[in-house]
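Me: Hey, I've got a structure to go through and I'd like to talk it over. Can we start with the contacts?

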Amino acid sequence: MKYMEPRLEQLLRELAPQVEGPAAGLALLATLDTDSRVAAHHRLAAARTHLFEKAGELEAAVHHYRVAADRTTSTPERNYLMIRAAKLAGI
């Protein structure tokens, strides 16, 4: 699992400036959906949440917060993601 960490970090660094906007970032993330090493990783779903929020697509952001929460094995991280989803959903 360590082999996927540097790739995700690199991707997130590239996304950080979002020069072309959230849609471009989401398109870039979509290219990883076929990579079995990262497709089911919680950080990929978590990266999407930020971009969906920036794009104003709150329902999609909430969905991906929940996906990320379901995929992580860290209880504190799961709790954080579920709280963010609830706040965004207005619960």
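Predicted model: local features only at pLDDT ≥ 70, side-chain atom pairs only at ≥ 80, totals over all residues.

Me: Which residues in α4 meet which ones in α5?
Reply: On the α4 side you have Leu58, Ala61, Val62, Tyr65, Arg66, Ala68 and Ala69, and they meet Arg78, Leu81, Met82, Arg84, Ala85, Leu88 and Ala89 in α5. Contact here means heavy atoms within 4.5 Å.

Me: OK, zooming out. How many helices and strands are there?
Reply: The chain has 5 helices and 0 strands, so along the sequence the pattern reads α-α-α-α-α, given that helices (H or I, at least four residues) and strands (E, at least two) are DSSP runs numbered from the N terminus.

Me: Back to α4 and α5. At what angle do they pack?
Reply: About 160 degrees, with the axes of α4 (residues 58-71) and α5 (residues 75-89) 8 Å apart. Axes are lines fitted to C-alpha atoms, for helices over the stretch in contact, and angles run from 0 to 180 degrees between N-to-C directions. α4 and α5 are therefore roughly antiparallel to each other. The cut-offs: under 35 degrees is roughly parallel, over 145 roughly antiparallel, 65 to 115 roughly perpendicular, and the rest oblique.

Me: And what about α3 and α4, at what angle do they pack?
Reply: Their angle is about 160 degrees, with axes 8 Å apart, so α3 and α4 are roughly antiparallel to each other. The crossing of α3 and α4 is left-handed, meaning the near helix is turned anticlockwise from the far one by less than a right angle (clockwise would be right-handed).

Me: Which α3 residues meet α4 there?
Reply: His42, Ala45, Ala46, Arg48, Thr49, Phe52 and Glu53 do, and their α4 partners include Leu58, His64 and Arg71. The contact of α3 with α4 divides into 9 nonpolar, 3 polar and 3 charged residues.

Me: How do α2 and α3 cross?
Reply: The axes of α2 (residues 22-30) and α3 (residues 42-54) come within 9 Å and cross at roughly 160 degrees. That makes α2 roughly antiparallel to α3. α2 passes α3 in a left-handed crossing. In α2, Pro22, Gly25, Leu26, Leu29 and Ala30 meet α3 residues, among them Leu44, Leu51 and Lys54.

Me: New topic. Which residues make up the largest nonpolar core?
Reply: Leu8, Leu26, Leu29, Leu32, Val38, Leu44, Ala47, Leu51, Phe52 and Ala61, 10 residues in all. α2 and α3 each supply at least two residues of this core, and α3 gives the most, with 4 residues. There's also a second, separate core of 8 residues, including Ala45, Val67, Ala68 and Leu81. A nonpolar core is a set of buried Ala, Val, Leu, Ile, Met, Phe, Trp, Tyr and Cys residues joined through side-chain atoms within 4.5 Å.

Me: Why does threonine 49 count as buried?
Reply: Because its relative accessible area is 3%. Buried means under 20%, exposed over 50%, and partly exposed in between (1.4 Å probe, protein chains only). Threonine 49 lies in helix α3. Not counting residues up to four places away in sequence, threonine 49 touches Ala61, His64 and Tyr65.

Me: Is glutamate 59 buried or exposed?
Reply: Glutamate 59 is exposed, at 74% relative accessible area, and it sits in helix α4.

Me: Last one: what share of the chain counts as buried?
Reply: 35% of the 91 residues.

Key
Residues numbered from 1 in each chain as written. Heavy atoms only, no water. Nonpolar A, V, L, I, M, F, W, Y, C, P; charged D, E, K, R; others polar.
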